[in-house]
Amino acid sequence: MSILEVKDLKFKYKDIDLFNNATFHLEDKEHICLVGENGVGKSTFMKLISKNLIPDKGTITWLPHIKYSYLDQHLEMNNDIEIDTYLQGTFKKLYDLEKELIKCYEDLGNVNETLYNKIIKRIDIINKELEDNNFYAISSTISNVKNGLGINNILGNRMIASLSGGEKMKVYLAKILLEEPNVLLMDEPTNFLDQIQVIWLAKYLKSFKGSFIIISHDESFIREIADVIYELSNKEFIKYKMNYDNYLKERAIRKESYLKAYNAEQKKIKEIENFIAKNIVRATTTKRAQSRRKMLEKMEKLPKPKNRVPLKINFPFSSSTGDEVLILNNLIIGYDIPLLNPINYKLMKNKKIAIIGRNGVGKSTLIKTILGQIKPINGEYRWNLSANINYFSQEENEFDELTPINYLRYYYHLKTDGELRSILAKVGIGKDLCLKPIKELSGGERTRVRLALMSMKKSNILILDEPTNHLDPETKLELFDALNKFPGTLILVSHEKDFYDELVDDELYFS
């Protein structure tokens with residue numbers, strides 16, 4: 001039974017058609033992962049089916065009484081509230097019933113017999129509703145979800161306003177899991193989770209009794225949770241009722257078949273056009289040529305296969321460093337209180353290391369400390385005097401209003417438009433995208449823009465904090481190759497073991 005039907009969907013975003021009379025169906029209890037290259041419209045589709053956008057054409061129909069919750073990449077939350085109060089708000093109706101129940105008990109001693117019996121009946125009704133909704137286990141339920149997502153130990157009960165973007169995403173994810181809707185709609189839910197939390201979420205979703213549609217580029221995660229793969233390609237949805245590995249095989253076959261059909265159709269069109277050109281002016285064949293022209297105009301043509309734009313990137317090398325690149329000596333990091341025990345570590349020349357560990361433990365804080373953005377609580381770090389660092393931060397929102405061209409020009413103001421366009425084109429940001437505000441780009445496109453900036457700087461040390469968030473599998477491979485070819489030193493923060501496992505020489509684990 002379909003609980004969501006999308007028919008004849010069309011939507012234009014900034015003069016670009018994203019969907020071509022597309023159809024999509026979500027069945028009851030179906031577990032779907034929505035995949036596709038960066039920028040094809042996956043996040044826009046989520047906004048459409050969650051009613052945050054209105055389609056230009058077509059219908060989006062939910063079955064009546066279906067409750068869905070939507071996790072957006074760019075969510076907004078009420079900042080003036082504590083985490084626990086925010087999560088408990090999910091159960092406001094039940095807490096209100098509890099207050100009414102307490103008042104009922106208080107009123108029993110001050111009423112006549114008739115009213116007394118009415119209050120007793122109301123007490124029975126409230127108690128049944130609270131028990132049916134497992135009210136007395138709410139605290140335990142909230143705690144389990146918080147523990148699973150790493151909120152309890154790291155974030156405590158802070159104000160929402162004090163959280164980073166990733167921490168807010170995590171708290172909102174906890175909220176929609178606690179809501180237990182019929183349908184979960186999630187856009188990149190693993191981007192701000194560590195490996196242990198991703199495993200917990202995958203286990204939760206595998207046993208989820210409702211339906212879900214999840215956008216993800218984390219192939220290991222998709223393999224764990226998806227029963228059905230929907231691919232958005234050539235402005236249409238293709239449904240694969242199979243697991244991810246079988247989808248990859250089937251997609252390759254389907255792509256080859258589609259390309260053959262498209263080429264055959266183009267050959268036929270060319271033949272018809274040639275016939276029209278030769279015969280339209282001849283008196284004896286004009287009618288036949290006109291007939292072919294009408295046939296050509298009415299022909300339903302296959303969309304041209306979209307050629308994926310590769311990430312053509314390299315990180316320019318400056319010059320060699322000394323043997324000891326970075327020394328950490330009893331370094332204590334944190335803000336008001338230490339996050340970790342004193343760190344002692346020596347990073348040698350041209351080594352590639354991954355910093356891993358649970359979220360919030362201090363990986364990004366260490367990076368910001370050794371870059372001089374925040375002061376250490378105690379101890380010291382010491383870079384080699386010849387260190388030349390190129391840095392990719394996990395979050396960067398201050399340039400969202402700029403276009404990609406102006407973003408690069410902010411750092412390299414003497415570069416011409418032509419030079420900047422050429423640099424952006426190499427990472428797949430073409431003439432249309434390079435003139436849009438960065439805030440209007442997809443997550444993967446934003447990452448490409450920032451990698452373009454890194455490709456303009458010579459360095460001997462690369463530091464990248466979660467660079468694979470939002471990147472599709474093919475782009476990750478291209479980034480892997482670029483990092484692997486870099487002859488200098490690499491410090492990588494990542495939660496994707498599949499990405500860094502064969503790239504790095506050593507792992508620095510924080511717990």
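**Cavities, a pocket and a sheet**

Hi everyone, let's start inside the protein: the lining of the largest cavity is made up of L326, L328, Y345, L347, I353, I355, L366, I370, I491 and L508. By cavity I mean a set of points, on a 1 Å grid over the protein atoms alone, where a 1.4 Å probe fits but cannot get out, and lining residues have an atom within 4 Å of a point.

Before going on, this is a predicted model, where local features need pLDDT of at least 70, side-chain atom pairs count only at pLDDT 80 or more, and totals for chains, interfaces and linings use all residues. Residues are numbered from 1 along each chain as its sequence is written, and side-chain values use heavy atoms, with hydrogens and water left out.

Back to that cavity. Its volume is about 60 Å³, a volume being the space filled by probe spheres set on the points, with grid points joined across faces, edges and corners. What kinds of residue line the largest cavity? Ten are nonpolar, with no polar and no charged ones. (Nonpolar covers Ala, Val, Leu, Ile, Met, Phe, Trp, Tyr, Cys and Pro; charged covers Asp, Glu, Lys and Arg; the others, Gly among them, are polar.) At least two lining residues come from each of β10 (324-332), β11 (343-348), β12 (352-357) and α12 (363-370). Helices here are DSSP runs of H or I with at least four residues, strands are runs of E with at least two, and both are numbered from the N terminus.

Searching the whole structure gives three cavities of 30 Å³ or more.

Now keep an eye on α12. Seven of its eight residues are buried, meaning under 20% relative accessible area with a 1.4 Å probe, protein chains only. Those seven are K363, S364, T365, L366, I367, T369 and I370. After the helix comes G372, with a positive phi near 80°.

Helix α12 also supplies at least two residues to the lining of the second largest pocket, as do α6 (151-155), α7, β14 (389-392), α13 (404-411) and α15 (443-454). A pocket is an open set of points with protein on both sides within 12 Å along at least five of seven lines. This one has a volume of about 1200 Å³. Of its 45 lining residues, S364, T365, K368, Q394 and D465 lie nearest the centre. The lining divides into 19 nonpolar, 13 polar and 13 charged residues.

Next, the sheet. Six strands form an open sheet in the order β5-β6-β7-β3-β8-β9, with mixed pairing; two strands pair if DSSP finds at least two bridges between them. At the edges sit β5 (68-71) and β9 (236-240), each pairing on one side only. From one strand to the next the twist averages 15°. Strands β5 and β6 (residues 183-187) run parallel over four bridges, and Y70 stands opposite L185 in β6. Helix α7 (residues 165-179) packs on this sheet and touches β5 and β6, where contact means heavy atoms within 4.5 Å. The direction of α7 makes about 170° with that of β5; axes are lines fitted to C-alpha atoms, for helices over the stretch in contact, and angles run from 0 to 180 degrees between N-to-C directions.

Finally, the whole chain: 17 helices and 17 strands, with 48% of its 511 residues buried. Thanks, everyone!

Methods:
Buried < 20%, exposed > 50% of the residue type's maximum accessible area, 1.4 Å probe, protein only.
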